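Open the model in your viewer and keep the selection tool at hand. We will go from stop to stop, looking at one place at a time.

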Amino acid sequence: MSTCKKCGKELSGNDIGLTKKLINRGSTEFLCIDCIAEKFDCTKELLEEKIKQFKAAGCTLFK
């Protein structure tokens, strides 16, 4: 299982998909949702809502 490159937390598929969607589609190192929220200075809840929107739009990075 992959871990967050910043804090070491175990990652979910959504964490990996979000890193690819918002940072770099070709990423091989990933951030957890908490570290992504910190990087973009937003809330975890906002990112969770964005994940729902990406899934609803059919984005294949999220399963």
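Predicted model: local features only at pLDDT ≥ 70, side-chain atom pairs only at ≥ 80, totals over all residues.

**Stop 1: threonine 19**

Select threonine 19 in helix 1, which spans residues 13-22. Is threonine 19 buried or exposed? Its relative accessibility is 1%, so threonine 19 counts as buried, the cut-off being under 20%. Now show what surrounds it. Beyond four places in sequence, threonine 19 touches Asn24, Ser27, Glu29, Phe30, Leu31 and Ile36.

**Stop 2: serine 27**

Move to serine 27, in the loop between helix 1 and helix 2. Helix 2 covers 33-40. Serine 27 has 13% relative accessibility and therefore counts as buried. Which residues does serine 27 contact, leaving aside neighbours within four places in sequence? They are Thr19 and Lys20. The side chain of serine 27 reaches the backbone oxygen of asparagine 24 at 2.8 Å.

**Stop 3**

Turn to the charged side chains. Side chains of opposite charge can pair when their charged atoms come close. How many salt bridges are there? The count is 3.

Select lysine 6 and glutamate 38. Their side chains form a salt bridge, with N to O at 2.7 Å. This pair links distant parts of the chain: lysine 6 sits in the segment before helix 1 and glutamate 38 in helix 2, 32 residues apart. Lysine 6 is exposed, at 52% relative accessible area. Glutamate 38 also counts as exposed, at 54%.

**Stop 4: lysine 9 and aspartate 34**

Lysine 9 counts as partly exposed, with 36% relative accessibility. Aspartate 34 is partly exposed as well, at 35%.

**Stop 5: lysine 44**

Aspartate 34 is in helix 2 and lysine 44 in helix 3 (residues 44-56), so the pair ties together parts 10 residues apart in sequence. Lysine 44 is partly exposed, at 30% relative accessibility.

Finish by showing Lys9, Asp34 and Lys44 together. These residues are linked in a network of salt bridges.

How values were computed:
Residues numbered from 1 in each chain as written. Heavy atoms only, no water. Helix = DSSP H or I, 4+ residues; strand = E, 2+ residues; numbered from the N terminus. Buried < 20%, exposed > 50% of the residue type's maximum accessible area, 1.4 Å probe, protein only. Contact = heavy atoms within 4.5 Å. Polar contact = N/O pair within 3.5 Å; in protein donor to acceptor, adjacent residues only side chain to side chain. Salt bridge = Lys/Arg side-chain N within 4 Å of Asp/Glu carboxyl O.
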